[in-house]
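Trainee: I'd like to learn how to read aromatic rings in a model. Can we go through one together?

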Amino acid sequence: QVQLVESGGGSVQAGATLRLSCAASGRTFKYQSMGWFRQAPGKGREFVAAIVWNGSTTSYADSVKGRFTIFKDNAENTAYLQMNSLKPEDTAIYYCAVRTILSGYYNYWGQGTQVTVSS
């Protein structure tokens with residue numbers, strides 16, 4: 001089994017910085033990639049960023065490119081989302097997720113952490 005626990009959310013002003021963490025436990029050797037997703041009120045869940053677990057390849061949604069950075073510490077089994085220059089439209093619940101090897105989709109999810117950005 002895989003367990004994911006997010007932390008680091010909060011309420012900030014526009015332009016501020018937050019760093020989200022996702023601590024993973026379980027069979028981390030089976031991870032293919034880890035991603036961050038978000039869901040704003042009244043909207044569907046959307047992709048934010050992802051990183052290959054045994055490598056450094058990253059990908060980002062256009063809406064966060066240049067502002068957000070995903071990185072990880074394999075020794076700590078933790079992934080991070082550094083969020084700079086936050087905007088009110090970044091307000092959402094942020095979820096981390098893992099895609100395991102041989103899976104075609106993100107098959108394990110954390111409980112989410114709220115990020116609120118006020119103008």
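This is a predicted model: local features need pLDDT of at least 70, side-chain atom pairs count only at pLDDT 80 or more; totals for chains, interfaces and linings use all residues.

Trainee: What describes a pair of aromatic rings?

Mentor: The distance of the centres and the angle of the planes. Rings of Phe, Tyr and Trp (its six-membered ring) pair if their centres lie within 6.5 Å; planes under 30 degrees apart are stacked, over 60 edge-to-face, the rest tilted. That rule gives five aromatic pairs here. Take Phe37 and Phe47: the centres are 5.7 Å apart and the planes at 75°, so this pair is edge-to-face.

Trainee: And which pair is stacked?

Mentor: Phe71 and Tyr80 are, because their centres lie 5.0 Å apart with the planes at 20°. Tyr80 is buried at 18% relative accessible area, while Phe71 is partly exposed at 28%.

Trainee: Which residues form one aromatic cluster?

Mentor: Phe37, Phe47, Tyr106 and Trp109. Of these, Phe37 is buried at 10% relative accessibility, and Phe47 is partly exposed at 28%.

Trainee: Where does the charged end of Arg45 sit?

Mentor: Over the ring of Tyr95, 4.1 Å from its centre. The test is NZ of Lys or CZ of Arg within 6 Å of the ring centre and within 35 degrees of the ring normal. Arg45 also lies over the face of Trp109, 4.5 Å from the ring centre.

Conventions. Residues are numbered from 1 along each chain as its sequence is written. Side-chain values use heavy atoms; hydrogens and water are left out. Buried means under 20% relative accessible area, exposed over 50%, partly exposed in between (1.4 Å probe, protein chains only).
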